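Here's a quick briefing on how the two parts of a protein chain meet. Have a look at the model first, then go through the notes.

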Amino acid sequence: MRADGKNLTGHAGVVLLRKVADRVGLATVLSAALPKGTGPGWRDRGMALVQLACAIVLGATNILEAEQLQHHWKSLFPRPVSDSTLRRTLEAIDGPVAARIERVRAVVRRMVWTLLALRPGGFPWIAVCGRELTGWYVLDLDATIVTCSSKKEGAAGTFKGSFGRMPLGAWVANTRECVAMLLRPGNAPPNDVDDHKSVLASAFRQLPLPLWSKLLIRIDGAAFSHDVLGHLQSLTTSRRRVRWVTGWAINDADEKAIARLPEKVWTAALRQDGQLHEIKGPDGEWLSYQVAELTGVRDLTGWPQGMRLIVRRVKPSRRDAKKLTAFEKRTGWRYQIVATNIPSHQGLSGVPGSGQVWFVDALYRDHAEVEDRVKAIKRVGLGLLPSKSWQFNAAWVLAATLAADLDAWTRLLLLHDEPELAAAEPETIRRKLYHLPARLTSHARRRTLHLDRTWPWAAAFTAAWKRATELPART
């Protein structure tokens, strides 16, 4: 074994991330938003933040790892940003600076969405029960727990018995982008109205929606409250139509209303592919999920006008036996209720059958995909908040959302014809694409990055690079 190699590069996939960042002008706008440094050795803080975002995408969990990772691609980008410079960059991100960064992120996102509309296949629209929600932008909200083992600012006991913080985020289901993330103490209530208003406002500022846009918001049952539903109802304006689907906390009044439903109103629930939603029972028989309209039976006085309730039932499994209420034990069914303002006669405009109970139920269950988005961002920076300082951790959360943006844009713009890579988990795409080793050579004023010709995803890498070089540069 000899350590005499030259121009060797590890984690060569960083060239794709940096190329996308350069083409959409991310470093330029961040430099304008961040305060300028002083002194002869001053480093551009916008580029430092981009370098940090690239390192987070590749697996860095703190600034020291971010500095060390940069030495893997030193032959490509010969001036690594030191950990002290990265720390000063994050410490400079206070409230006003964070607000400026959010504004420039929205500018860059608008350009990215324009490029998405111009690519083959156009802007990605989600599909539910085999029906494409063309023209509908879908926003998913969810909270998660980031645990820690020491007493840090904001760390507290959570409602699930763990210890840490509980950030609340918003994701665009169409593009899988994390458009807002609010760092909260661990004891923050899951259904805090002000927190949901803040996250929704931040998400709206990020979304480059056209005039007379159509927006669908989905929230799980943990965020259920009267005030949250009232706020969602107030978001519709003359130029923006907002529909929402949320979970509902079942109480005695709901159980009495369910008991009055005749058996004939129950209909079979459907999976996302449009097939019957069935599970195998304890005796090997197939049991169907069933749904019904509860709106006309349950008294909704005082709730948002036009709100509907959809109830879903299924035969409980053995592990659900301890969670059943007395009513569920008596009826032999386990129930779940969904609240929505999607009208039964119109549904979602342009989506046939979207007002039916089976479609609303499937639309709400599709919200479960946000758990994959939460899991992904916790593996791209959010899984560990590295400092005792609340301000520093808030800046780190912002850097993690920038990293998640950069990763999502790379997949959307460069890998849209490679579904295996475009939808891969962070660890998977790192092993297949981002952590690829290479060798750099120079000849006739041209630098060439040589990949292993036998690598299974070498063709996908080179195709992505070609597509990145063809992206129009932001002026």
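The notes below cover the domains, the contact between them, and the side that domain 1 brings to it.

Keep in mind that this is a predicted model. The chain splits into domain 1, built from 8-101 plus 386-470, and domain 2, which spans 124-380. Between their C-alpha centres there's a gap of 34 Å.

**The contact in numbers**
- Domain 1 puts 24 residues into the contact, and domain 2 puts in 17 residues.
- About 1700 Å² gets buried between domain 1 and domain 2.
- Carbon and sulfur atoms give 61% of that buried area.

**Charged and polar pairs**
- How many salt bridges turn up across the interface of domain 1 and domain 2? There are 2 of them.
- Glu 425 pairs up with Arg 379 in a salt bridge, with 3.8 Å between the closest N and O atoms.
- For polar contacts, the interface of domain 1 and domain 2 has 4 residue pairs, with both residues at pLDDT 80 or more.

**The domain 1 side**
- Three helices each supply at least two residues of the side that touches domain 2: helix 3 (45-57), helix 13 (390-414) and helix 15 (426-434).
- Which helix gives the largest share of that side? That's helix 13, with 12 residues.

Methods: Residues numbered from 1 in each chain as written. Predicted model: local features only at pLDDT ≥ 70, side-chain atom pairs only at ≥ 80, totals over all residues. Heavy atoms only, no water. Domains from an automatic or database assignment. Contact = heavy atoms within 4.5 Å. Buried area = accessible area lost by both parts, 1.4 Å probe. Salt bridge = Lys/Arg side-chain N within 4 Å of Asp/Glu carboxyl O. Polar contact = N/O pair within 3.5 Å; in protein donor to acceptor, adjacent residues only side chain to side chain. Helix = DSSP H or I, 4+ residues; strand = E, 2+ residues; numbered from the N terminus.
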